[in-house]
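This briefing goes through selected features of the structure shown below.

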Amino acid sequence: MSSVQPAVSSPGTARPDISADTGAPAPGAPGAALRFAGVAKRFDTGTLALADVELAVAPGEFVSVVGPSGCGKSTLLRLASGLSAPSAGRIEPRSDRLAYVFQDPTLLPWRSAQANVELVLELNTGAGRLAKPQRRARAARALKTVGLAGFERQLPAHLSGGMRMRVSLARALVLDPDLFLFDEPFGALDEITRLHLQEELQRLFLSRPAGSANSAGACGALFITHSVSEAVFLSDRVLVMSARPGRIVAEIEVPFDRPRRPELRFDPEFGRVAARVSEALTGAHK
Amino acid sequence: MTQTRSSEVVSGEWSDRTTRHSRPMTRGKSARVARAVLPVLGTVVVFLGIWLAVSYLLLTPQRREILVPPPQEVLTEALLRWSHLRPMLRALLLDVQVSMVGLAIAVVLGVLAALVMSQAPWLERGLYPFAILLQVVPILAIVPLIGLWFDYGFNGRVVVCVIIAIFPMIANTLFGIHSVDRGAHDLFTLNRATRWQRLTKLSLPGALPSLFAGLRISSGLSVIGALVGDFFFVQGQPGLGTLLSTYISRVQSTDLFAAILLSSLYGVAVFALFSGLTSVAVGSWHGGAGADR
């Protein structure tokens, strides 16, 4: 369709080699938390939103996708979550336990913070359904993890935007998922809250395997954003998408150890990585 | 966000109230009471002024008695005369019963109808025209028929009342269900919510603010419905509508005005009751939402 070939080398390992952009194990290594193979999505209107998307997220890996607005980033995430079906290609394995963090906090305004977190446990009618006291305890623990202890009984209207997003994060954590999907969760927040929540998110993500109740292994994360520095700060790998039809045109490894300190954002090396993402993004606009 | 948007659409008065409360000038309880009562008193005074002016300035004494008896005469000739007031109060009691039973049935049926329609687009397309039909049906023409089908007493009047009051319940509940955030629906889909869970944990609570907006409208209509039933049935135990029709035919203008005042006051009381109920039911999360954003 277009002369631009996906510049995807092989998607990386759980903890990418610091020196290499390439040479990681083949995509779809067994146990990948998420894998897209030749995925395309055409809407009913005829618009081709995504074309030939290849990507893989390994367990324990944090992958960001950046791209110009309207490039199909959110569509990518809806496909990954199963909310919509691809027109072509395969998406696998689709974990049963995934947590989707929306652009808006998407809290039910009539439910308290606690009840909003409990909701996703209530909805589970399967075998693993928890009894009410356990649901309550799990939700309270998740709220404590995101720093909202003491705010359990507040209605969303009485919480700040940042706090509402924390409730949304707690609601994702309480599911103890194998895969996190983030759809620009901090896009609507002010800069200070945003930076703060990025650090929080990193902390939560790193501490999760240890703190989780029944997870077999580390979970993966696919994070959609239009902020280059957010993507670099949070991720092990950054994928750059082209304008519509969206495809992945570049992949940049982020070589920094974790936990990453906030000061890292002022590190010259951080700037260089961010610059590479920006360049790829500028190319993607054309 | 969704709740802010719907609060503007459905019930503007809530956002007004919020702004008023958050005004820093709010001083003490008496000030707040005064702010609530004074505008109403002012309106009443102006209303009485216009009434008096029309009676005394526009009309000759002979025509005044028939067309617009002045307020003090309505008070002394009708409202303060027990022999006149007593039948009105008994009629009012009947209308209270008819309208409340009718409203209750309209609410239950209306919400159920909206829930059924919300389950599938084809159901809504198929059923909504009938809901509109209820709204536009020439009620004057079918009221006598309803009397024949049911009776001229309690049941027939309740049926008239339901027909008149049900449409806002259906329309507002359905609107509320449709205006629930799509992201919230995605959340329920992702967590494999059952149809029942989606209904009871999302659609219905999400629709409550507009359901209550519909309830406020329907409560007023149920009062009208009760009186319309009386008015056209004429037979059976008299309601206020029956008395109105009698007073009109006998040109008992002071009684007529007294009965109109009584029925209006009852309508206002019902509306106030259900507005209060709204703030108790959804005020905490629906009304306050705007202030903190």
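This is a predicted model: local features need pLDDT of at least 70, side-chain atom pairs count only at pLDDT 80 or more; totals for chains, interfaces and linings use all residues.

Which element supplies the largest share of the lining of the largest cavity? That element is strand 5 of chain A, with three residues.

**Cavities**
- The count comes to two cavities of 30 Å³ or more.
- The volume of the largest cavity is about 70 Å³.
- Residues of both chains line the largest cavity: A:Leu98, A:Ala99, A:Tyr100, A:Val120, A:Arg171, A:Ala172 and A:Leu175 from chain A, and B:Leu187, B:Leu190 and B:Asn191 from chain B.
- At least two lining residues each come from strand 5 (98-101) of chain A, helix 4 (161-173) of chain A and helix 10 (182-190) of chain B.

**A sheet in chain A**
- Three strands of chain A form an open sheet in the order 2-1-4, and their pairing is antiparallel.
- From one strand to the next, the twist averages 15°.
- Six bridges connect strand 1 (residues 34-42) of chain A with strand 2 of chain A in the antiparallel sense.
- Opposite A:Val39 stands A:Val53, a residue of strand 2 of chain A.
- Helix 1 (residues 73-81) of chain A lies across strand 1, strand 2 and strand 4 of chain A. Its direction is at about 120° to strand 1 of chain A.

**Helix 7 of chain B**
- Helix 7 (residues 121-136) of chain B has 16 residues, so at 1.5 Å a residue the helix should span 22 Å. The end C-alpha atoms are 23 Å apart, which agrees with that expectation.
- At B:Leu127, helix 7 of chain B bends by about 30°. A proline, B:Pro129, follows within four residues of the bend.

**Backbone features in loops**
- The peptide bond between A:Arg258 and A:Pro259 is cis, with omega about -5°.
- A:Pro259 is placed in the loop between strand 9 (248-253) and helix 7 (268-285) of chain A.
- B:Arg192 has a phi near 55°, which is a positive value in a residue other than glycine.
- The loop that holds B:Arg192 runs between helix 10 and helix 11 (195-233) of chain B.

Conventions
Residues are numbered from 1 along each chain as its sequence is written. Chains are lettered from A and ligands numbered from 1 in the order in which they are written. Side-chain values use heavy atoms; hydrogens and water are left out. Two strands pair if DSSP finds at least two bridges between them. Axes are lines fitted to C-alpha atoms, for helices over the stretch in contact, and angles run from 0 to 180 degrees between N-to-C directions. Contact means heavy atoms within 4.5 Å. The expected span of a helix is 1.5 Å times one less than its number of residues. The bend at a residue is the angle between axes fitted to the seven residues ending there and the seven starting there. On a 1 Å grid over the protein atoms alone, a cavity is a set of points where a 1.4 Å probe fits but cannot get out, and a pocket is an open set with protein on both sides within 12 Å along at least five of seven lines; lining residues have an atom within 4 Å of a point. Grid points are joined across faces, edges and corners, and a volume is the space filled by probe spheres set on the points.
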